[in-house]
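Please open the model in your viewer and keep the sequence panel beside it.

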Amino acid sequence: MRSTDARLPILVAFSLALIGTTAAVLNPSPGTSQATASWTFDSSSVGQPPTGFTFGRTGSGRPGRWVVRAAADAPSGPNVLAQEDSDRTDYRFPLAVADGPMFGDVSVAVRCKPVSGRVDRACGIVWRYQDENNYYLTRANALEDNVCWYYVQNGRRIEVKRVHVPVASGVWHSLRADMRGDHVEVYFNGKKLIDVQDSRFTAPGKVGVWTKADSHTLFDDLTATTLAP
C-alpha cells in the first residue's frame, strides 16, 4: 500500500482537474483524513463567471450576476468574486456554489466585503448544500449590523440565531462556520458569536457563497476543511 505522502501529487492533480481554473486544491494531511479546498479566483478570467461553480437562486427574482473582478484591495490579489445584480426583490438569495468536493463535518470560511445595496447588504456562506432550496447558511449584514444563522429547507429560510455586531460596509471581513455532526459554531472577524445544534441536514454537501436581494458583495479566499468527528 502506498503511503499518504506518495498519493499526494495524484490527489492534488485530480482535484485541479475536478475544480478547474478556480485554483481549488485538495491537500490531505499526512496520517489524517483532513482535506482542504480553497478558491481564490485569481486564475479565472476577469469579467466572466468562475469555472467550477454553479449558480442558483433561492426565492424569486433574477438569478444573480456572478463575475470575477480585479480588486486592488483583494485579500489575496488580484481577483475576487462579485455578485453585481441589483434586483431588489426582497425574498431573493443568489448563490454561487462550488461543484466539488462535498463535505460533511466541515470548517467553511470566506473573506467578504459588503459594497452596496438599498434593500440588503449581506455576505454569506453555505454548507451541506443539497440544492438551492436546502442548505445551512450564516451571513453578516452591513445594513442591520448583525450576524445570523439559518437553515433553508424546501425554499424557506428559517432564522435560528441572531447576534448584533458592527458590520462595516466597504471593508473586508472574515466569516466562518464549523460544523461537526449537529454542532455549529459561527465566527465573525475571528470572534465566536453563535453556538447552536441542528440535525436537519446530515448528508455531505457542497459549499459556496450567498447574498440577498440587491446586495453588491465581493468574496475572496473561500475555503473548506474537513473536520474530525
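Helices (H or I, at least four residues) and strands (E, at least two) are DSSP runs, numbered from the N terminus. The model is predicted, so local features need pLDDT of at least 70 and side-chain atom pairs count only at pLDDT 80 or more, while totals for chains, interfaces and linings use all residues. Residues are numbered from 1 along each chain as its sequence is written, and side-chain values use heavy atoms, with hydrogens and water left out.

**Stop 1: backbone angles in loops**

Select Asn189 to begin. Asn189 is placed in the loop between β12 (183-188) and β13 (191-197). Its phi is near 50 degrees, a positive value in a residue other than glycine. Most residues other than glycine have a negative phi, and most peptide bonds are trans. Asn189 is partly exposed because its relative accessible area is 41%.

Next, select Asp145, in the loop between β8 (134-141) and β9 (146-153). Although Asp145 is not a glycine, its phi is positive, at about 55 degrees. With a relative accessible area of 34%, Asp145 is likewise classed as partly exposed.

**Stop 2: cis peptide bonds**

Display the backbone of Gly100 and Pro101. A cis peptide bond joins these two residues, with omega about 0 degrees. Pro101 belongs to the loop between β5 (92-98) and β6 (106-116).

Pro78 is located in the loop between β3 (66-70) and β4.

**Stop 3**

Select Asn79, which is in strand β4 (residues 79-83). Is Asn79 buried or exposed? Asn79 counts as buried because its relative accessibility is 5%.

Show the polar contacts of this side chain. A polar contact is a pair of N or O atoms within 3.5 Å; within protein, one must be able to donate a hydrogen and the other to accept it, and residues adjacent in sequence count only if both atoms are side-chain atoms. The side chain of Asn79 reaches the backbone oxygen of Phe41 at 3.2 Å. A polar atom of that side chain also lies 3.4 Å from the backbone oxygen of Ser44.

**Stop 4: salt bridges**

Display the charged side chains. A salt bridge is a side-chain nitrogen of Lys or Arg within 4 Å of a carboxyl oxygen of Asp or Glu. How many salt bridges does a search of the whole structure find? The search finds 16.

Select Asp120 and Lys212, whose closest N and O atoms are 3.5 Å apart in a salt bridge. This pair links distant parts of the chain, 92 residues apart: Asp120 is in the loop between β6 and β7 (122-131), and Lys212 is in the loop between β14 (206-210) and β15 (216-226). Both Asp120 and Lys212 are buried.

Turn to Arg200 and Asp198, a salt bridge with closest N and O atoms 3.0 Å apart. Arg200 is partly exposed at 34% relative accessibility, whereas Asp198 is buried, with a relative accessible area of 8%.

Asp195 and Lys192 form another salt bridge, with closest N and O atoms 3.2 Å apart. Asp195 is partly exposed at 42%, and Lys192 also counts as partly exposed, at 38%.

Finally for this stop, select Arg62, Asp85, Asp87 and Arg92 together; salt bridges link them in a network.

**Stop 5: strand β7 and its partners**

Select β7. Eight of its 10 residues are buried, so β7 is largely enclosed by the rest of the structure. Two strands pair if DSSP finds at least two bridges between them. β7 pairs with β8 in the antiparallel sense over seven bridges, and a hairpin of two residues joins β7 to β8. Within this pairing, Ala122 stands opposite Asn141 in β8.

Which strand pairs with β7 over four bridges? β14 does, also in the antiparallel sense. To view one bridge of this pairing, select Gly124 together with Trp210, its bridge partner in β14.

Key:
Buried means under 20% relative accessible area, exposed over 50%, partly exposed in between (1.4 Å probe, protein chains only).
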